[in-house]
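Please consult the sequence and the structure while reading.

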Amino acid sequence: MHYINFNMIKKISNFINFNKSIIFLVFIAYFILGFLIYKDYGFYTDEKFHRSNGFFWLTYIADFFGLEKLKLSSAVKMSEIQGFTLPDIELWNKYGIIFDLPAAYLEILLKLDEPLKYYQLRHILIFIYFFIGSIFFYKILLNRFKNKIISLLGLFLLIITPRIFGDSFWNNKDIIFLSLYIISIYYYFKVIDNPSNKNIILLSLFSGISSTIRFAGFFIPISLILFWLINFVSNKKDLNFSLVLKHLICYFFFLFIFWPHLWDNTFTGIVGSLNLDMAWSGKVNFLGEYYHSNKLPYYYLGFWILVSTPILHLLLFFHGFSAYSLRVIGRFVKIKKDSIYNDLWRAKEEKKDFFIFFNLVFFFTGLSLLNISLYNSWRLAYFLYIFIIYFSTLSVYFYFKKYKNKRFINISLILCFIILAIFIIFRIYIYHPYQSFYFNFLTTEKIKNNLDVDYTGLSAIEFLREVIKNEKGNHEIIVSTNSWYPLWFMHDLLDANEKKRIKIIVNDEKAKADYVYSNRVYDIDKRYYKKYDMPSRFKKIKEHKVDNTIIYEIYKKSK
Amino acid sequence: MKLFFYKTIFVAFVFFITFKITVGSTVKYVENKIYSLSSKENLEYIKKKIKDEMKVAVSKEEYIKKDDAILINQFIKKIQNDLNNQN
């Protein structure tokens, strides 16, 4: 018996070596942390629409497969979702189902009828998607750098990126896309290592699914074609055309399967998804000036990245990116007619770096220079963090490589990294639960308050609860908004007693309200319109600030 | 073939960036100016300015100086005369 136990322990300790257990512990700790705090976050304006989207497609699919009971439950749930500012689901059902459909199904399966409960379920699901994405991010780094410590440091950089950390508890589009794009990149790397059918199918599956969330997912097949083209002109045979063809066939197959919008109208569905009518039609406040979302200055994206990314990430990124760019430029300058190597990379590892470099340059220049609608800070381009952090990790890798035999420098670098990471964690703590509105410590107060901050109204629920808490008694409290925000979305999330006390009225009638909420986001240039002028009887009683950033304002009517 | 391919891509990319940063940004600037001039906000702004100016005019005891008033009056009369003579 003792012998068996000893053997078992030995086997287990062989299986889970020290490094592995640390990584395992990191993931477990991160998951527990997420599980403990996911209820702290506010709610997003589009969540109601996406819940409706989930039930719309669940009803459709249940009908398709003849699941009458499920169809009925789903249809009932869908009919209950109403609101005068809610987009018509029959017209705007273009979104993919990879998140909305399982969320809707789980809501029925778990018999969740309280709004707060089912929205919280959606939030924990978003976190789970991101958690899986972060595991794959670690696998990407391990695949590329073959070093557990470097990969772990890279993983840390991802999960302590404040805006990603915050959004991973509520952002049901950009975070889901980011997670799926990470998984697609992982399988892209696997295809580079071993272009087997299994890897091609998995790459096609995840790139197809990610394309159903954001159009940017189409870049995976495009880049595979481009890589084949580079190989073709260089007479290299590590990527043949049949492989590209297989990928394209599988890609469109999975795109079709996971995007029921294409089931009835395949071609018009794809073309229609390119139409950006769903983009924010209001104005975007950028440094105090109001712009149309597709007429923003070219530096909009770059500026946002600089002010909302921690300095540690930026420093490492600039080092990693510039070092790699110099290498690629060097390779480019030295291209010869005949060479035994590939022209822009030597080994597979460099090819992976080139793929990430290509992604970053393509998306950054495209999003900055092609008048693509950007709004709500730069959340639509948050997937660029994958490439930013990849190059930051590459920088760490370069340092480790350079000081390979200098133990003291290596330890000092890790210590330096840990200290700076602790500083970021401290700032994440300060911002809680508004990490989604993070600015780095170099950003001035003037800049922070001349940008759209709480664009999704995450703070609205806190405002309602605060007002109820401060107004003692059982009388009715009339509240309104003085910004672009459908506050009535939040009414469902209050408990029964709170609901009875709160009456929400529209912005036009705000003069009748007792309290007025503003998330300081406007669809028009408020300097020229009276729409957002506060009636003279109202006095600002609170400016909720985090790190000198105004998140929301409360006005109260004077008696 | 290979060198041509790379050079074409490189030149196209550099051309695109240079064009966008130089000509493109100027076009964008002009576009934004036209857009903002014809925007509802600007029209509202002009309307507000005119109203403010009218309010100022109403509140002032003498909005147009006597010399200017005589000159404008003479000018209007001249125009009226010429218009009548044409008929």
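At 25% relative accessibility, A:Asp547 counts as partly exposed. This is a predicted model, in which local features need pLDDT of at least 70, side-chain atom pairs count only at pLDDT 80 or more, and totals for chains, interfaces and linings use all residues. Residues are numbered from 1 along each chain as its sequence is written, chains are lettered from A and ligands numbered from 1 in the order in which they are written, and side-chain values use heavy atoms, with hydrogens and water left out.

Q: Which residue forms a salt bridge with A:Asp547?
A: A salt bridge is a side-chain nitrogen of Lys or Arg within 4 Å of a carboxyl oxygen of Asp or Glu. For A:Asp547, the closest N and O atoms of the pair are 3.3 Å apart. The partner is A:Lys448.

Q: How many residues apart in sequence are the parts that A:Lys448 and A:Asp547 tie together?
A: Helices (H or I, at least four residues) and strands (E, at least two) are DSSP runs, numbered from the N terminus. A:Lys448 lies in helix H20 (residues 445-448) of chain A, whereas A:Asp547 lies in the loop between strand S6 (538-546) and strand S7 (549-557) of chain A, so the parts tied together are separated in sequence by 99 residues.

Q: Is A:Lys448 buried or exposed?
A: Buried means under 20% relative accessible area, exposed over 50%, and partly exposed in between (1.4 Å probe, protein chains only). The relative accessibility of A:Lys448 is 4%, so A:Lys448 counts as buried.

Q: Which residue pairs with A:Arg51 in a salt bridge?
A: A:Arg51 counts as buried at 4% relative accessibility. Its closest contact in the bridge, N to O, is 2.8 Å, and the partner is A:Glu107.

Q: In which helix does A:Glu107 lie?
A: A:Glu107 is buried, with a relative accessible area of 1%. The bridge from A:Arg51 to A:Glu107 links distant parts of the chain, 56 residues apart: A:Arg51 is in helix H3 (residues 47-64) of chain A, and A:Glu107 is in helix H5 (residues 100-109) of chain A.

Q: What is the N to O distance in the salt bridge of A:Asp523 and A:Lys531?
A: A:Asp523 counts as buried at 16% relative accessibility, whereas A:Lys531 is partly exposed at 35%. Their side chains meet at an N to O distance of 3.2 Å.

Q: How many of the 20 residues of H9(A) are buried?
A: Helix H9 (residues 174-193) of chain A should span 28 Å at 1.5 Å a residue, which agrees with the 28 Å between its end C-alpha atoms; the expected span is 1.5 Å times one less than the number of residues. H9(A) is largely enclosed by the rest of the structure, because the number of its residues that are buried is 18.

Q: In which helix of chain B does B:Lys51 lie?
A: B:Lys51 is partly exposed, with a relative accessible area of 49%. Its place in chain B is helix H2 (residues 40-59).

Q: Is A:Val333 buried or exposed?
A: A:Val333 lies in helix H16 (residues 311-333) of chain A. Between A:Val333 and A:Ile409 there are 34 Å in space, C-alpha to C-alpha, and the two are 76 residues apart in sequence. With a relative accessible area of 63%, A:Val333 is exposed.
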